[in-house]
Amino acid sequence: MNLPFAMGLFGLIVSAVFAFNSVRELKRNVEGHARNAAMIHIAMVSMLVPFCLYVVIAYAP
């Protein structure tokens with residue numbers, strides 16, 4: 001396993017964790033900083049996942 005492939009997988013795992021926690025926070029539906037941060041995290045995940053998938057596909061062993 002080469003380094004770019006491993007970092008792509010690591011990015012996907014981190015994105016999954018952030019998405020899971022963000023969705024959980026958004027389901028609570030409580031106004032405040034945590035809700036705003038969750039919305040920003042969902043946006044960041046939506047931008048990071050395609051890039052990580054591209055890296056994983058491009059550097060697949």
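Ser-22 is buried, with a relative accessible area of 4%. Ser-22 sits in helix 1, which covers residues 3–28. The model is a predicted one. The protein chain contains two helices and zero strands. Of its 61 residues, 20% count as buried.

**Overall shape**

- The C-alpha trace of the protein chain spans about 45 × 15 × 15 Å along its principal axes.
- The radius of gyration of the protein chain is 14 Å, whereas a compact globule of 61 residues would have one near 10 Å.
- The accessible surface of the chain comes to about 4,500 Å². Carbon and sulfur atoms account for 74% of that surface.
- Take the contacts between residues at least 6 apart in sequence: 59% of them join residues at least 24 apart.

**Helix 2 and its packing**

- Helix 2 runs over residues 33–58.
- Helix 2 has 26 residues and reaches 37 Å from its first C-alpha to its last. That is close to the 38 Å expected at 1.5 Å a residue.
- Arg-35, Ala-38, Val-45, Cys-52, Val-55 and Val-56 are the buried residues listed for helix 2.
- These buried residues of helix 2 pack against helix 1.

- Ser-22 is in contact with Ala-38, His-41 and Ile-42, leaving aside its neighbours within four places in sequence.
- Glu-25 is also found in helix 1. Its relative accessibility is 15%, so Glu-25 counts as buried, the cut-off being under 20%.
- With neighbours within four places in sequence left aside, Glu-25 is in contact with Ala-34, Arg-35 and Ala-38.
- Ala-38 is itself buried in helix 2.

**Salt bridges**

- The count comes to two salt bridges.
- Glu-25 forms one of them with Arg-28, and the closest N and O atoms are 2.9 Å apart.
- Glu-25 and Arg-28 both lie in helix 1. They are three residues apart, about one turn of the helix.
- Glu-25 is buried at 15%, but Arg-28 is exposed at 53% relative accessibility.
- Arg-35 and Glu-31 meet through their side chains in a salt bridge at 3.8 Å, N to O.
- Arg-35 has a relative accessible area of 19%, so Arg-35 is buried. Glu-31, at 64%, counts as exposed.

**The loop between the helices**

- Asn-29 is placed in the loop between helix 1 and helix 2.
- Asn-29 is exposed, with a relative accessible area of 53%.
- Asn-29 has a positive phi of about 55 degrees, although it is not a glycine. Most residues other than glycine have a negative phi.

**A nonpolar patch on the surface**

- Leu-3, Met-7 and Phe-10 make a nonpolar surface patch of about 350 Å².
- Leu-3 lies in helix 1. At 60% relative accessibility, Leu-3 counts as exposed.

Conventions
Residues numbered from 1 in each chain as written. Predicted model: local features only at pLDDT ≥ 70, side-chain atom pairs only at ≥ 80, totals over all residues. Heavy atoms only, no water. Helix = DSSP H or I, 4+ residues; strand = E, 2+ residues; numbered from the N terminus. Buried < 20%, exposed > 50% of the residue type's maximum accessible area, 1.4 Å probe, protein only. Contact = heavy atoms within 4.5 Å. Patch = residues over 30% accessible without salt bridge, like charges linked within 9 Å, V, L, I, M, F, W, Y side chains within 5 Å. Areas by Shrake-Rupley, 256 points an atom, 1.4 Å probe, with all protein chains shown as cover. Salt bridge = Lys/Arg side-chain N within 4 Å of Asp/Glu carboxyl O. Expected span 1.5 Å × (residues − 1). Rg over C-alpha atoms; globule rule 2.2 N^0.38 Å.
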